[in-house]
Amino acid sequence: MYFEEFEIGKRYEHHPGRTVTAADNMLFTTLSMNPQPLHLDAKFAGEAQFGQILVNSLFTFATVIGLSVGETTLGTTVGNLGFDETKFPNPVFIGDTIYSSTVIMDKRESKSRPEWGIVTFQHEGHNQRGELICTCLRKGMMILRSSLPEGASATPWHGSHAAAQGESK
C-alpha cells in the first residue's frame with residue numbers, strides 16, 4: 001500500500017498463520033548467535049519454568065511483523081524507522097501457530113523527504129489459543145503514490161502485481 005492508502009484506525013487481520021517448528025527455532029537462534037539453552041537444550045528447558053523449549057522471542061517478533069508485509073508494505077516501503085513498546089506477554093512453544101494483526105495508529109508526511117510519509121503500525125501476535133504473544137509499535141517510511149512519475153509504480157514487482165490483480169498502474 002502506498003502512504004495515501006493507509007487509514008488511521010483500520011485493522012488488518014493477516015492470513016495465513018505460521019506454525020513454528022523446532023527447525024525454525026534452532027536455525028533462527030543459532031544464526032542470531034543466541035546461546036540461551038531455553039531455546040536450544042531440551043533437557044535444560046524441560047527442567048525450567050515452562051517445562052519445554054521456548055521459541056526465541058526475536059523469531060516471534062520477526063514473524064508477527066513478517067506476516068503483515070504482504071498486505072501493508074510489500075513493494076511500497078522505504079524502510080523501518082524504529083520499533084517501540086515491544087512486549088511478549090505469553091511464551092511461544094514449538095508447534096504453536098502465530099497469527100498477526102495490524103492497526104494503523106498514525107500517519108504523516110515526512111518533513112525532510114516530501115516523496116515519503118511515516119506510518120505508525122501497531123502489530124499484535126496471537127497463538128492458536130487466542131493468547132496475546134507479542135505487541136509492538138513500528139514506524140515505517142512509505143512511498144507517496146503522488147510522488148511517482150505518471151504511470152510508474154514503486155517497484156517492477158508492485159507494478160506487475162497490480163496489473164495481475166486487474167488494477168490500473
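Trainee: In what order do the 5 strands of the open sheet stand, and is the pairing parallel or antiparallel?

Mentor: Before anything else, this is a predicted model, so to speak of a local feature we need pLDDT of at least 70, and side-chain atom pairs count only at pLDDT 80 or more, while totals for chains, interfaces and linings use all residues. Residues are numbered from 1 along each chain as its sequence is written, and side-chain values use heavy atoms, with hydrogens and water left out.

Now, the sheet. Its strands run in the order S1-S3-S4-S5-S2, and the pairing is antiparallel. Strands (E, at least two residues) and helices (H or I, at least four) are DSSP runs numbered from the N terminus, and strands pair if DSSP finds at least two bridges between them. At the edges you'll find S1 (11-19) and S2 (77-87); each has a single partner strand, so one side of each has no neighbour in the sheet. On average, neighbouring strands are turned by 25° against each other, direction ignored (axes are lines fitted to C-alpha atoms, for helices over the stretch in contact; angles run from 0 to 180 degrees between N-to-C directions).

Zoom in on S4 (residues 116-126) and S5 (residues 132-143): this antiparallel pair is joined over 11 bridges. Look for histidine 126, which stands opposite leucine 132 in S5. Packed on the sheet is helix H4, which touches S1, S2, S3 (97-109), S4 and S5; contact means heavy atoms within 4.5 Å. The direction of H4 makes about 55° with that of S5.

The model has 4 aromatic pairs (Phe, Tyr or Trp rings, the six-membered one for Trp, with centres within 6.5 Å; planes under 30 degrees apart are stacked, over 60 edge-to-face, the rest tilted). In one of them, phenylalanine 28 and phenylalanine 59 have ring centres 5.6 Å apart and planes at 75°, so this is an edge-to-face pair. Phenylalanine 28 belongs to H1 (residues 22-31) and phenylalanine 59 to H4 (residues 57-66), so the contact ties together parts 31 residues apart in sequence. Phenylalanine 59 is buried at 9% relative accessible area, whereas phenylalanine 28, at 25%, is partly exposed (buried is under 20%, exposed over 50%, partly exposed in between, with a 1.4 Å probe and protein chains only).

Then there are the charges: 7 salt bridges in the count, each a side-chain nitrogen of Lys or Arg within 4 Å of a carboxyl oxygen of Asp or Glu. Glutamate 124 meets arginine 11, with the closest N and O atoms 3.7 Å apart. Glutamate 124 is buried, at 17% relative accessibility, while arginine 11 is partly exposed at 41%.

Aspartate 24 and arginine 18 make another salt bridge, at 2.6 Å from N to O. Here aspartate 24 is buried at 17% and arginine 18 is partly exposed at 31%. Compare lysine 43 and glutamate 47, whose salt bridge also spans 2.6 Å, N to O: lysine 43 is exposed at 57%, and glutamate 47 is exposed at 62%.
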